[in-house]
Amino acid sequence: MAGKKAKFALTDFFNNLFNNFGKIVFTNLLFAVPLAVLVTAFYFLDSALKLNGYFILMLSIIPLSPFFAGVTLVTSRLARGKENVDVFKTFIEGIKNNWKRFLIHGVITYFAVIFSYFSIRLYSALISQPNADSFFLVMIYVCLIISIIIAVAFLFIFFYVPSMTVTFDLSLKNIYKNSALMSFGELKHNIIATFGLFIIVLFCATILIFVGNTDSSIALIITTAILMFVLVPALASYVINASVYPGMYNLMTEKEKRSKKIDKKMDSRRKGQFIDEEDEENNIAEEFLDLDVEENKDGDEYIFYNGKMVKRSVIIKMKKEREKAEGKSDESKTR
């Protein structure tokens with residue numbers, strides 16, 4: 001059964017991908033406009049400041065984030081197999097409704113990327129130092145492993161943050177709390193999403209290696225630009241949403257139902273109701289069915305018996321159902 005379910009999920013993934021490939025490319029082209037402008041602007045800013053540091057170029061993540069809200073909304077709907085998605089209208093809707101929160105996501109993402117990149121780079125460089133003490137090397141390896149684990153945790157968290165933001169009306173605190181919990185709780189789906197991203201990277205790397213063998217740096221730059229501006233961000237977003245969205249949506253809606261149920265029970269307790277209406281029929285004791293209850297009496301008060309409280313209407317309903325069941329049983333016996 002699990003194998004069939006996985007097979008159907010994989011079939012849906014590729015069907016939605018091939019049927020909507022043109023829309024994914026169009027989404028990426030919409031995102032490519034601010035991507036080209038902002039990356040170019042920060043590249044020249046970095047060159048003007050002569051810092052030669054990636055942290056200036058990576059600053060483009062922050063103003064780009066609101067536009068990624070549009071990408072996320074489009075690809076999440078395509079990944080769910082929604083038909084007749086108006087790409088341009090949905091892209092603008094995603095930006096308009098989520099740009100403030102995505103700006104904050106951009107700032108957090110920027111610092112997460114900077115921390116992960118420079119930590120791993122620093123500890124990798126320290127390991128290669130000659131004549132390093134063995135204890136020092138052990139500590140550096142430990143720090144490097146911790147940095148990699150944190151980087152992977154950041155990656156898994158940001159599988160959920162964009163999609164959760166465009167789907168649910170949650171506070172930023174709850175978005176990050178739920179995303180952090182799902183980064184561990186939904187490990188299988190996170191690994192699937194990571195594998196999908198790895199395939200995209202492998203595909204792009206293969207093309208770039210092939211072009212790089214021509215010894216033309218201009219061809220390499222043009223190919224990289226084409227991949228980024230035509231395909232990669234939107235395709236990556238589609239892969240992530242297709243992998244994690246179903247599990248995320250089910251967990252969030254189930255959590256909301258449980259929360260409402262708890263609120264309802266707490267409200268019942270405040271009113272002095274110790275048996276909830278939805279549980280009464282399932283938990284009603286057999287002895288209640290033998291009580292004489294006036295059916296025509298006005299009101300629907302609680303009847304207290306044997307340490308339990310049950311509504312009169314529930315007892316009447318259960319008595320009628322039992323009588324009906326017994327009547328059918330007697331009928332079948334006479335036949």
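## Basis of the model

The model is predicted, with local features needing pLDDT of at least 70 and side-chain atom pairs counting only at pLDDT 80 or more, while totals for chains, interfaces and linings use all residues. Residues are numbered from 1 along each chain as its sequence is written, and side-chain values use heavy atoms, with hydrogens and water left out.

## The chain as a whole

The chain has twelve helices and two strands. Helices (H or I, at least four residues) and strands (E, at least two) are DSSP runs, numbered from the N terminus. In sequence order the pattern is α-α-α-α-α-α-α-α-α-α-α-β-β-α.

Of the 335 residues, 36% count as buried, where buried means under 20% relative accessible area, exposed over 50%, and partly exposed in between (1.4 Å probe, protein chains only). Contact means heavy atoms within 4.5 Å. Among contacts between residues at least 6 apart in sequence, 68% join residues at least 24 apart.

## Annotated spans

An unreviewed UniProt entry lists residues 21-45, 51-74, 102-123, 135-161, 191-212 and 218-240 under "transmembrane region". UniProt positions are given in the numbering used here, feature names are shortened, and annotations may be inferred rather than shown by experiment.

In the model, residues 135-161 are 100% helix and 0% strand, with end C-alpha atoms 39 Å apart. Residues 191-212 are also 100% helix and 0% strand, and their end C-alpha atoms lie 30 Å apart.

## Helix 4

Helix 4 covers residues 61-79. Of its 19 residues, 14 are buried, so the helix is largely enclosed by the rest of the structure. A kink of about 35° is centred on Phe-67; the bend at a residue is the angle between axes fitted to the seven residues ending there and the seven starting there. Just after helix 4, Gly-81 has a positive phi of about 80°.

Two packed helices are described by the angle between their axes and the distance between the axes. Axes are lines fitted to C-alpha atoms, for helices over the stretch in contact, and angles run from 0 to 180 degrees between N-to-C directions. Angles under 35 degrees count as roughly parallel, over 145 as roughly antiparallel, 65 to 115 as roughly perpendicular and the rest as oblique.

The axes of helix 4 and helix 6 (residues 134-167) come within 9 Å and cross at roughly 80°, so the two helices are roughly perpendicular. Phe-68, Ala-69, Thr-72 and Leu-73 of helix 4 meet Pro-162, Ser-163 and Val-166 of helix 6. This contact has five nonpolar, two polar and no charged residues. Ala, Val, Leu, Ile, Met, Phe, Trp, Tyr, Cys and Pro count as nonpolar, Asp, Glu, Lys and Arg as charged, and the others, Gly among them, as polar. Ser-163, in helix 6, counts as buried at 1% relative accessibility. Leaving out residues up to four places away in sequence, Ser-163 touches Thr-72, Asn-241, Tyr-245 and Met-248.

## Helix 6 against helix 8

Helix 6 and helix 8 (residues 187-212) pack at about 95°, with axes 10 Å apart; they are therefore roughly perpendicular. Leu-155, Phe-156, Phe-159 and Tyr-160 of helix 6 meet Leu-187, His-189, Asn-190, Ala-193, Thr-194 and Leu-197 of helix 8. Here the contact has seven nonpolar, three polar and no charged residues.
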